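Below is a colleague's note on the structure, arranged as numbered points. Please read it with the sequence and the coordinates open beside you.

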Amino acid sequence: MDEVKQLVTDIKNKKLKPIYFLMGEEAYYIDKISDFIEKHVLAEEERGFNQMVLYGRDVTIDDIVGNAKRYPMMAEYQVVIVKEAQDLSRSIEKLAKYAENPQPTTVLVVNYKYKKIDKRKALYKTLKKTGVVYESKKLYENQVADWIRRVLSPKKYTISPKAAQMLVEFLGTDLSKINNELEKLQIILPKGTQISPDHIEENIGISKDYNNFELRKAIGERNTIKAYKIVNYFADNPKDNPMVVTVSLLFSFFSQLLHFHGLNDKSPRSVASALRVNPYFVNDYITAARNFPMRKVSAVVSTLREFDVKSKGVGSNAVPQGDLLRELMVKILS
């Protein structure tokens, strides 16, 4: 995120590079940087003659280079944006020759999503000398809640840890999807609001009481009644609560719990750092560790591996996922 801020600052200050090669698994920042260049490098009246958007599936490297070598008309720069450039992955190395001596009055932006170029080859090495190579890496699940807080902070919003966790568990690590939901909330809620689980439930449709976060908490507390209520809700709403996601999140929780048992220093700060969780959730692990000794945790991890396979249809094609979930709860809580 800091690297993105620096790129944006440089572009604002007209410290432009002739090539911006944006690549990586996380499309969110690739789109953000590309859109910022598209909207801010040229004045509105300059864009008609000097800004061009190409698509990888429709052009060749020669087409891109031909457009990049043009001179701007009544403007200091021209901007050439290549979207979906990953469709040119078989020929992308041919861009190295242009990158060796790029047109100084052209800003060429290459959006190479979900992939990255070989850093050992000529294109990458040349781009590092003459342009900008930005690699947008996928965030780990335990990093997304912090990312949500950082995105909201300059917009004068905060979010409770539980609300952030609900978004992560429901939407995964897709930053574009999460950002879309956050933008909806910002339209509805006044600045200065702390986004709560109630806001998430009312405006996004994620239940604050019947979700994987609450199931994990109920299991950790050995609250059998609450755990079965949530599982029954999941069984009645399988499309919104796929078993494969529930098993994956529980596996992550019990794997962290196994790690917790092995820690010498179990102070909240040390636990939060070692498990890479928000300090707000440390008590959940302390409580779960009391209720699940290390031997039981190891057994649960093995059980979750077994049910992960079953949730994907291996050896249990005729068994409804709701019944599999209930069976899983019996084995975990017995």
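In what order do the five strands of the open sheet lie, and is the pairing parallel or antiparallel?

1. The model is a predicted one, and in it five strands make up an open sheet whose order is E2-E3-E4-E1-E5, with parallel pairing. Strand E2 (51–55) and strand E5 (132–135) are the edge strands, each of them pairing on one side only. From one strand to the next, the twist averages 15°.

2. A pair within the sheet. Strand E1 (residues 19–24) is joined to strand E4 (residues 106–113) by six bridges, and the two pair in the parallel sense.

3. Helix H2 (residues 27–40) lies across E1, E2, strand E3 (78–83), E4 and E5, and runs at about 160° to E4.

4. H1 against H2. These two helices also pack on each other, at an angle of about 10° and with their axes 10 Å apart. Because angles under 35 degrees count as roughly parallel, H1 is described as roughly parallel to H2. On the H1 side the contact is made by Val4, Leu7, Val8, Ile11 and Lys12, and on the H2 side by Tyr29, Ile33, Phe36 and Ile37. Sorted by class, the contact of H1 with H2 has eight nonpolar residues, no polar residues and one charged residue.

5. H11 against H15. Here the axes of helix H11 (residues 212–220) and helix H15 (residues 282–291) come within 8 Å and cross at roughly 45°, and the two helices are therefore oblique to each other. H11 contributes Phe213, Arg216, Lys217 and Gly220 to the contact, while H15 contributes Asp284, Tyr285, Thr287, Ala288 and Asn291. The residues of the contact of H11 with H15 divide into three nonpolar, three polar and three charged, whereas the contact of H1 with H2 has no polar residues.

6. Helix H13. This helix (residues 243–261) has 19 residues and reaches 27 Å from its first C-alpha to its last, which is close to the 27 Å expected at 1.5 Å a residue. Its buried residues are Met243, Thr246, Val247, Leu249, Leu250, Phe253, Phe254, Gln256, Leu257 and Phe260.

7. A buried lysine. Is Lys162 buried or exposed? Lys162 lies in helix H8 (residues 161–171), and Lys162 counts as buried because its relative accessibility is 16%, with the limit for that class set at under 20%. Leaving aside neighbours within four places in sequence, Lys162 is in contact with Pro197, Lys208, Phe213, Glu214, Tyr280 and Phe281. Among these partners, Phe213 also belongs to the H11 side of the contact with H15.

8. Positive phi values. With 73% relative accessibility, Met74 counts as exposed. Lys156 has a phi near 70°, again a positive value in a residue other than glycine, and its place is in the loop between helix H7 (141–152) and strand E6 (158–159). Lys156 is exposed as well, with a relative accessible area of 54%.

9. Ala299 lies in helix H16 (residues 294–311) and, at 37% relative accessibility, counts as partly exposed. The C-alpha atoms of Ala299 and Ile19 are 280 residues apart along the chain and are separated by 54 Å; Ile19 falls within E1 (residues 19–24).

10. The chain as a whole. The secondary structure of the protein chain comes to 17 helices and seven strands, and along its principal axes the C-alpha trace spans about 75 × 45 × 40 Å. Of the 334 residues in the protein chain, 48% are buried. Among contacts in the protein chain with a separation of 6 or more, 76% are accounted for by residues 24 or more positions apart.

Note on methods. Residues are numbered from 1 along each chain as its sequence is written. This is a predicted model: local features need pLDDT of at least 70, side-chain atom pairs count only at pLDDT 80 or more; totals for chains, interfaces and linings use all residues. Side-chain values use heavy atoms; hydrogens and water are left out. Helices (H or I, at least four residues) and strands (E, at least two) are DSSP runs, numbered from the N terminus. The expected span of a helix is 1.5 Å times one less than its number of residues. Buried means under 20% relative accessible area, exposed over 50%, partly exposed in between (1.4 Å probe, protein chains only). Two strands pair if DSSP finds at least two bridges between them. Axes are lines fitted to C-alpha atoms, for helices over the stretch in contact, and angles run from 0 to 180 degrees between N-to-C directions. Contact means heavy atoms within 4.5 Å. Angles under 35 degrees count as roughly parallel, over 145 as roughly antiparallel, 65 to 115 as roughly perpendicular and the rest as oblique. Ala, Val, Leu, Ile, Met, Phe, Trp, Tyr, Cys and Pro count as nonpolar, Asp, Glu, Lys and Arg as charged, and the others, Gly among them, as polar.
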